[in-house]
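Here is a short report on aromatic rings and their surroundings. Please look over the structure first, then read on.

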Amino acid sequence: MVLNYPHNPTGALATPALFASALQFARRHQVPILHDFAYAAIGSAASDAPLSLFSQPDAKAWGVETYTFSKTFNMAGWRFGFAVGNASIIRAFKKLHTHSYSTVFGAIQDAAIAALNLPAERIAQLTAVYHQRREWVLRRLAALRWPARDAQGTFFLWLGVPPGYRSQEFCPSAAAGSAYSGGAGHWFWRRGGRIYSHQL
C-alpha cells in the first residue's frame, strides 16, 4: 500500500485515525506500507510538523517512509533521498537499488551530508518562507474576492479559474510574462477543468 501525506497535489494531511486504519488493513491483509513523506517539513503552519507514519505504535513492523531532499533542502532534480523503517523492506529496497541504479555523483552526496548537518533552525526558516508566501497570496486573493482552497500541507494552493475559462486555457495565459507557476486541474482529475494549482 502506498500513501503520500502531506498529499501532492491536494495538500491533505494525514490524521492518526487514517494511519491507524492503514496499519489495521496492513495487518489484516499482510501487506507492507510505503509512506511517501516528501513534504515532511511543510505542514499547515510554520510551527506544525506533518504526521509521520511512525507516530503509530507498531508502524515499523509494517512500513517504511521515504524522504526526498528535493523539498526540505531545495534539491529538486538531484534525485537524492533515503528510506527508514522495516528492516526486511529496506533490504528489498537495497537489492532493487543494486540492480537498477549505479551511484549518485559524489558532489551531490557531499551536499546531502551537509544538508543533514544543518541546524533545525535553517529548515524552519525555509518552511517559514513558504508559509509567508502562502499568506501573502491568500491576502491578495481575498482582496480580489478570488476563491482559493488553502492546502493544509505542501506548497500548493488550489484556485478557481475565472468565468469563461477552463484550467488548461487559463494557466498558460496567467503564466505569460509573469513569475507565476501553476498547473491545470484537469491534469490531476477528470473534473479539474475549473480549478488550477498555484505553487508558492
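## An aromatic cluster

Tyr67, Phe69, Phe73, Phe80 and Phe82 are joined into a cluster by ring pairs. The model is a predicted one. Across the whole structure, a search turns up four aromatic pairs.

One of these is Phe69 with Phe80. Are Phe69 and Phe80 buried or exposed? Both are buried.

How accessible are the two partners? Phe69 has a relative accessible area of 1%, so Phe69 is buried. Buried means under 20%. Phe82 has 35% relative accessibility and therefore counts as partly exposed.

## From the cluster to the surface

Together with Val84 and Leu116, Phe82 forms a nonpolar patch on the surface. The accessible area of the three together is about 250 Å².

Val84 is part of strand E4, which covers residues 81-85. Is Val84 buried or partly exposed? Its relative accessible area is 37%, so Val84 is partly exposed. A residue needs over 30% relative accessible area to belong to a patch. Val84, at 37%, therefore passes that cut-off. So does Phe82, at 35%.

## A charge over a ring

Another ring has a charged neighbour. Which residue places its charged end over the ring of Phe54? That residue is Lys60. The distance from the charged end of Lys60 to the ring centre is 5.9 Å.

## Phe170 in helix H6

One more phenylalanine deserves a look. Phe170 lies in helix H6, which runs over residues 167-175. Its relative accessibility is 9%, so Phe170 counts as buried.

How far apart are the C-alpha atoms of Phe170 and Gly182? They are separated by 9.9 Å. Along the chain, Phe170 and Gly182 are 12 residues apart.

Key
Residues are numbered from 1 along each chain as its sequence is written. This is a predicted model: local features need pLDDT of at least 70, side-chain atom pairs count only at pLDDT 80 or more; totals for chains, interfaces and linings use all residues. Side-chain values use heavy atoms; hydrogens and water are left out. Patches are made of residues with over 30% relative accessible area and no salt bridge: like charges are joined within 9 Å, nonpolar side chains (Val, Leu, Ile, Met, Phe, Trp, Tyr) within 5 Å. Accessible areas come from the Shrake-Rupley method with a 1.4 Å probe; for residues, only the protein chains shown count as cover. A salt bridge is a side-chain nitrogen of Lys or Arg within 4 Å of a carboxyl oxygen of Asp or Glu. Helices (H or I, at least four residues) and strands (E, at least two) are DSSP runs, numbered from the N terminus. Buried means under 20% relative accessible area, exposed over 50%, partly exposed in between (1.4 Å probe, protein chains only). Rings of Phe, Tyr and Trp (its six-membered ring) pair if their centres lie within 6.5 Å; planes under 30 degrees apart count as stacked, over 60 as edge-to-face and the rest as tilted. A charge sits over a ring if NZ of Lys or CZ of Arg is within 6 Å of the ring centre and within 35 degrees of the ring normal.
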